[in-house]
Amino acid sequence: MNYVPKIDRRSFLVATAAAGGGLALGIPLAPQSASAQTGLATPELGVWVVVKPDETVVVRVVRHEMGQGTITGLAQLVAEELEADWSKVTIEHPTPGESVKRKRPWGAYSTGGSRGIRESHEYMRQGGAAARLMLIQAAANEWKVPAGEITADKGVLTHKASNRSTTYGKVAEAASKLPVPEKPALKDPKDWKIAGKPMKRFNAVDKVMGRQVYGADLTLPGMLNATIKDCPVFGGKVKSFEAAKVAGMKGVKKVLQVGESAVAVVADTWWQAKVALDALPIVWDEGPNAKVSSASIAEMLKAGLDAEQAFVGNENGDIKAALASAAKKVEAVYSYPYQNHAPMEPMNATARYTPDKCELWAPTQDAEGSFAAVLAASGLPADKCEVYQMDLGGGFGRRGAYPGDFVHQAVLISKEMPGTPVKLLWSREEDMAHGRYHPVMMAKMVGAFDKDNNLTGLHMRLSGQSILAAVRPQVVEQQKGRDPLVFQGLASQAMLAEHSFSYTIPNLLIDHAMRNPHVPPGFWRGVNINQNAIFMECFMDELAQAAGQDELEFRRKLLGNHPRNLAALNAVAEKIGWGKPAEPGIHRGLAHLKAFNAYVAAAAEVSVTGDKLKVHRIVAATDPTFAVNPAQIDRQVAGSFVYGLSALYYQECTIKDGRVVETNFDTYDSMRIAQMPKVESILMPSGGSGPWGGVGEPTICVAAPAVMNAYFKATGKRIRSFPLKNHDIAMA
Amino acid sequence: MVALTINGQLHNVDVDPNTPLLWVIREQVGLTGTKYGCGIAQCGACTVHVDGVAMRSCALPVSDAAGKKITTIEGLAQNGKLTKVQQAWVDHDVPQCGYCQCGMIMAVSALLAEKPKPTDKDIDDAITNICRCGTFQQVREAIHMAANA
C-alpha cells in the first residue's frame, strides 16, 4: 500500500525547479544586472551587494539560517572578495516573489543537503568581487586615474600615487551605475582575512535577549491563531466533525475542514484554538492503512532482503562468483527505524489572503518551495503571491518543500477568512503525528574471504523506503525507478559522486529493493548516511573481527585508492590513541564516511556499566576542502553528535494502527547536557580545486557506528537494530 | 481577571485561570521570548523564574502564578545591559538556531543564583533543557565563563 501524496501540477513544476532534497539540478543563474527593484536596500552593486551611504554593507542571502551558520559564512565569503570592513556587514533576504520577477538572479533558495555554502560560494564570491571592481572603477573615474592603481581594503579605496582615499559608501551610488563585471577573478583562499576565520554568528544578541522573532512568534495587526489536526492515520480523511460543539467556546472564530484530511480551529489566541480543537469531536475515515504496524512494515522490508528485483547503486567484479568461491562468509542483517525531526519550534506558517494578494510568513528551508505551495493553495498567479522568510527554530530537513504540508494548510485556512492574517501553529503532538519521517531501512550484508583472510567480495542489499519516490518522483522516474539518494555514502562515483563509496573491494554489489510503506518520508539531518554508515561501518568491524584483524588496519588496506578518507580516519585514530592502552573500563570504536563531498571520521571512547552505555569522548575529523568558519564547523560537528546520538539511543516512531505512537518528548526523548560527550573536532581542509564539502550533516553519521563498535569491544555484543532503548540500553 | 507581575510590571489579564502561564506571557502580555516547545514540561523552552525559581511555564496554570514575581528572558538585561550569563552566551557564540536558548539561559541564571560556581555535576543535575541543535558543549563552557566573570 504505497502512500503517494497528491501533487498539484503547478506546485510540482515550481517545486522541482526550486531543486532541493539532495540533488543539484543544475539551474542556470540569470546574469547579474543592477536593475531597479523594490523592497530591497540600495544602491545595488550587482545583485549580491549593497553599500549604503553610511558605509553599511548589505549582503543578499537567499539560503536559510536554521542554526547552522550559513548566512554568516556566506556573508564572510562575499565580504572577503569585497574587501569589506566586517564590522559593517549585515544581510538581507530577497523574497521569492522578487526573485521570480527578476528571473532568479540569486539562484536556488533551498537549504538542505548541506548545500548552503558549498553550492553557492562561487557565484556569491564572484558577486563580492564584482562589487569591489565596480567601487574601484567609480573611484578611478572620479580621480581620473587607472583602476589598476587603486587598492581596496576594509571599505576604503586608496590611490597611493596621489595620496587620495575615499570610502565605499561615498562612491557606491556612482558605482551602482557601472556595468557589472562578469566572472571576476577570485582570491586564493590562502589570502583570506575574513573567510576562513571564526567570525561570530549574526543575531546572537537578539537570540539571548528573546528578541529574535521566529515564525511562531510573529504577530500581525488583526491576526488570528489557528491549530490543526490531520487524520492520525496517513492517507485517511475526515468523515465528520461537530463544529457546533465548540463554536461557542471563548475566542473561537471558525471551525473548518482543511483539504480532505484535516480540521482546524481559528481563534483569538492559540491556546483558545487548541482547547477547542482538543474538545472537537472528529470522526475519521482511516482509509486503507489503518492496520499497518511496525511489525507489518518490518515484514515488508524483510521480504526485500532476498527479492529478485533490486536497483544497483554500486557494482564491480563478480559478486556471485566471489561468494560462491569464498573460503569463509560473514553475514549480518541490520535495521533502522522511522524517526521524526522534532525541531524545537513546531511547524507553523502565517498567511494573509485576499483575491488580489496572498502573502505568507514562514520559517522554511525552501522559500521558493513555499512560494510554489502558496501559488498552488491560493490559486493566484506568481505576481500576486509573496513569501517572507522567518527565522527557523531548527530545520534538520523537516522544513523543506513537502506537498500538502503546513504552508499549504495555512494558505487554505486564510482563504476562508479573506483579509485576516492567520497564524497556523501545530502542537507538538501534531508535529510528532505528521512528520516527514526519516525512512525505514534494512540491510543484509554478506562478506566473502579467501583462505588467506583477504576480503574478496561484499554484497550489501538495502531494503526500505525511498524519500525521492514520495517527494521528488520525477527524479526517480528519470532514474528508471531507482532512488540514487538511498545510496548516500555507498554510491558509485558515476552515480552520486558527492556520496561515493570509499572501500576498494574486488567484487562488490550494493543494491536496493525499494519498499515504500504508507508513512511519509522526508529528508533528515544526514538522512540515508545515518543508517548506511551504521550498516557499513559496524559490518566492517564484524568483517575485521571475523578475519582476526585490527579494525583500523583492516580498513586501511581497503582505502588505498581514497587518500582523503584514509587521512580523516588516520587523524581520529591517532588522536584517540588507537593501538595504545585506554584507561581501565574504556573501550574504543571507529567509523568514517564520505558524505556531501566532505570526508569525515569519528573515534569514540565508551564505558558500559550494567544497562548504561556512557560515551565519554568523541574525536571527529572533517575535510570539507575549505573551511569558511572553523568555529561554526566545530559547533556543527558537536551538534551533529547530539542529534545523531539522540537518534541512536532514544528515537523511534513506532507505527501502530497506521499511525505514529510517540506523541511528545516524554516518549521521544533527546539527549541532555549530562549525557554530552567531550567532542574534539579536527578540522583538516585539504584545499585544492575540487568541489567543496558540506559541514552541517556529514559527521552525524559517524558517531553512531563508532559508539556501537566501541560497545561491542566493551561487551562482545553486536547490536543490529535501533534505537538502543529497545535493547534496554540507556544513555548515561 | 488574573493579576500578574511580570518583569516588575503589573498586568491584569482576562483569561481562563487554567490557561498555562506560557500562553498568557506570549499572547496576552505579548512577550514572545518564552517559547513553546512541548507543552508538557519536558523540553524547558518555556522556562521562566517564578519568585526566583526556574519553572516550566507551559505546565503552570496562570492562576498559580498570580501574585508571584515572574521574570522572563526579556526581564534579565537591565537598560540594555546583558547579564553575565547572556554576555557569556554572546562571547562564546552559544546559540545555533537559538529557539531553546531563552529557556536555557533562564535555567542557567537560576542555577548560578543558587550556586555561583557550579561544578559539572551541578550543571548536569540542574540543566535538563532539550536543545536539538546540540549546543551543550558550548553551554557548559559558557556557564563556567559566566561563573568566573
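Helix 17 and helix 18 of chain A run roughly antiparallel to each other in this predicted model. Helix 17 covers residues 551-558 and helix 18 covers residues 563-576, and their axes come within 10 Å and cross at roughly 165°. That angle is over 145 degrees, the cut-off for calling a pair roughly antiparallel, which is why the label applies here. As for handedness, helix 17 of chain A goes past helix 18 of chain A in a left-handed crossing. On the helix 17 side, the residues that meet the partner are A:Leu552, A:Arg555 and A:Arg556. Helix 18 of chain A answers with A:Leu566, A:Leu569, A:Asn570 and A:Ala573.

Chain B has a helix pair of its own to look at. Helix 3 (residues 84-91) and helix 4 (residues 101-114) of chain B pack with their axes 9 Å apart, at an angle of about 130°. That makes helix 3 of chain B oblique to helix 4 of chain B. The contact draws on B:Val85, B:Gln86 and B:Trp89 from helix 3 of chain B. From helix 4 of chain B come B:Gln101, B:Met104, B:Ile105, B:Val108, B:Ser109 and B:Leu112. The crossing of helix 3 past helix 4 in chain B is right-handed.

Back in chain A, helix 11 spans residues 367-378. From its first C-alpha to its last, this 12-residue helix reaches 16 Å, close to the 16 Å expected at 1.5 Å a residue. How many of its residues are buried? The count is 12 of the 12, so helix 11 of chain A is largely enclosed by the rest of the structure. The buried set runs from A:Ala367 to A:Ser378 and includes A:Glu368 and A:Ser370 along with A:Phe371, A:Val374 and A:Leu375. Just after helix 11 of chain A comes A:Gly379, which takes a positive phi of about 75°.

A:Gln675 sits in the loop of chain A between strand 26 (659-660) and strand 27 (678-683). Is this glutamine buried or exposed? With a relative accessible area of 15%, A:Gln675 is under the 20% cut-off, so it counts as buried. A polar atom of the A:Gln675 side chain lies 2.9 Å from the backbone nitrogen of A:Arg672. Leaving aside residues up to four places away in sequence, A:Gln675 touches A:Lys614, A:Tyr650, A:Met731 and A:Ala732.

Key
Residues are numbered from 1 along each chain as its sequence is written. Chains are lettered from A and ligands numbered from 1 in the order in which they are written. This is a predicted model: local features need pLDDT of at least 70, side-chain atom pairs count only at pLDDT 80 or more; totals for chains, interfaces and linings use all residues. Side-chain values use heavy atoms; hydrogens and water are left out. Helices (H or I, at least four residues) and strands (E, at least two) are DSSP runs, numbered from the N terminus. Buried means under 20% relative accessible area, exposed over 50%, partly exposed in between (1.4 Å probe, protein chains only). A polar contact is a pair of N or O atoms within 3.5 Å; within protein, one must be able to donate a hydrogen and the other to accept it, and residues adjacent in sequence count only if both atoms are side-chain atoms. Contact means heavy atoms within 4.5 Å. The expected span of a helix is 1.5 Å times one less than its number of residues. Axes are lines fitted to C-alpha atoms, for helices over the stretch in contact, and angles run from 0 to 180 degrees between N-to-C directions. Angles under 35 degrees count as roughly parallel, over 145 as roughly antiparallel, 65 to 115 as roughly perpendicular and the rest as oblique. A crossing is left-handed if the near helix is turned anticlockwise from the far one by less than a right angle, and right-handed if clockwise.
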